[in-house]
Amino acid sequence: MKKNETGGDPKFATKTTAQDAPALNGLFKDAIADLYWAENHLVKALPKMISAATAPELKNAIESHLEETKVHVTRLEQVFELLGEKAIAKKCDAMEGLSKEAEGIVEETEPGTATRDVGIILASQKVEHYEIASYGGLYQLATTLGLTDIADILAQTLSEEKLADSKLTDIAENEINYKAAEEA
């Protein structure tokens, strides 16, 4: 029997199909529409974070992730196509809330400070963690539903989201957090 990611045996080793699990398939499609809204929203929100950031390495990381996010939108459009569905976004309340929180951090911190950059990193990592949870869960659902091609697409994006989170951690740990600690 194949071990799962935690090293234990899976409780249920059987897979199903989207046709055999209409409720689960409906939930999956709904979650894809939610994530599609979230990624499109990020395409609009990330330029604000780029403008608000000061550290060149942070600006570069967010700019790079903006370009990746545009690819993520395209991949989700591929997922809709593979599902035989029109790409329709469903408002993602979680992403809207995370974006508002990020805007609040920018408003509450001084322009040009490392403290603002730390806040932008924190807000960005919250977004990344939401995306990691979403793509990870959807990958598992796609696998369960036997949607192998879709699972592969989601796994690719999941990997990129994890890498973006890791880059943000590196930027914070290598300099910005220490600069912010020295600010008045």
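What follows is a walk through a predicted model of a protein chain, from its overall make-up down to a few single residues.

Start with the big picture. The secondary structure of the protein chain amounts to five helices and zero strands. Read from the N terminus, the elements go α-α-α-α-α. The protein chain has 184 residues, and 43% of them are buried. Among the contacts in the protein chain with a separation of 6 or more, 79% are between residues 24 or more positions apart. As for the surface, the protein chain exposes about 10,200 Å², with carbon and sulfur atoms supplying 54% of that area.

Next comes helix 2, which covers residues 56-83. Helix 2 counts 28 residues, and the distance from its first C-alpha to its last is 40 Å, close to the 40 Å expected at 1.5 Å a residue. Within helix 2 itself, Val-71 is worth a look. Val-71 is partly exposed, since its relative accessible area is 38%, which falls between the 20% cut-off for buried and the 50% cut-off for exposed. In sequence, Val-71 and Thr-157 are 86 residues apart, yet their C-alpha atoms are 8.9 Å apart in space.

Helix 3 takes in residues 93-108. With 16 residues at 1.5 Å each, helix 3 should span 22 Å, and the 22 Å between its end C-alpha atoms agrees with that. Which residues of helix 3 are buried? They are Met-95, Leu-98, Ser-99, Ala-102, Gly-104, Ile-105 and Val-106. These buried residues pack against helix 1 (22-52) and helix 4.

The pairing of helix 3 with helix 4 (residues 114-144) can be followed in some detail. Their axes come within 9 Å and cross at roughly 175 degrees. That crossing angle is over 145 degrees, so helix 3 and helix 4 are roughly antiparallel to each other. On the helix 3 side, the contact is made by Ala-94, Met-95, Leu-98, Glu-101, Ala-102, Ile-105 and Val-106. On the helix 4 side, it is made by Arg-116, Gly-119, Ile-120, Ala-123, Lys-126, Val-127, Tyr-130 and Glu-131. Sorted by class, the contact of helix 3 with helix 4 has 10 nonpolar, one polar and four charged residues.

Lys-126 belongs to helix 4 and is partly exposed, with a relative accessible area of 41%. Once its neighbours within four places in sequence are set aside, Lys-126 is in contact with Leu-98 and Glu-101. Lys-126 and Leu-98 lie 28 residues apart in sequence, while the C-alpha to C-alpha distance is 7.2 Å.

Asp-117 is also found in helix 4. Is Asp-117 buried or exposed? Its relative accessible area is 2%, and the cut-off for buried is under 20%, so Asp-117 counts as buried. Leaving out neighbours within four places in sequence, Asp-117 is in contact with Ala-52, Ala-53, Thr-54, Ala-55, Leu-58 and Ile-176. Asp-117 and Val-106 are 11 residues apart in sequence, and their C-alpha atoms are 8.8 Å apart in space.

Key. Residues numbered from 1 in each chain as written. Predicted model: local features only at pLDDT ≥ 70, side-chain atom pairs only at ≥ 80, totals over all residues. Heavy atoms only, no water. Axes fitted to C-alpha atoms, helices over the stretch in contact; angles between N-to-C directions. Helix = DSSP H or I, 4+ residues; strand = E, 2+ residues; numbered from the N terminus. Parallel < 35°, antiparallel > 145°, perpendicular 65-115°, else oblique. Contact = heavy atoms within 4.5 Å. Nonpolar A, V, L, I, M, F, W, Y, C, P; charged D, E, K, R; others polar. Buried < 20%, exposed > 50% of the residue type's maximum accessible area, 1.4 Å probe, protein only. Areas by Shrake-Rupley, 256 points an atom, 1.4 Å probe, with all protein chains shown as cover. Expected span 1.5 Å × (residues − 1).
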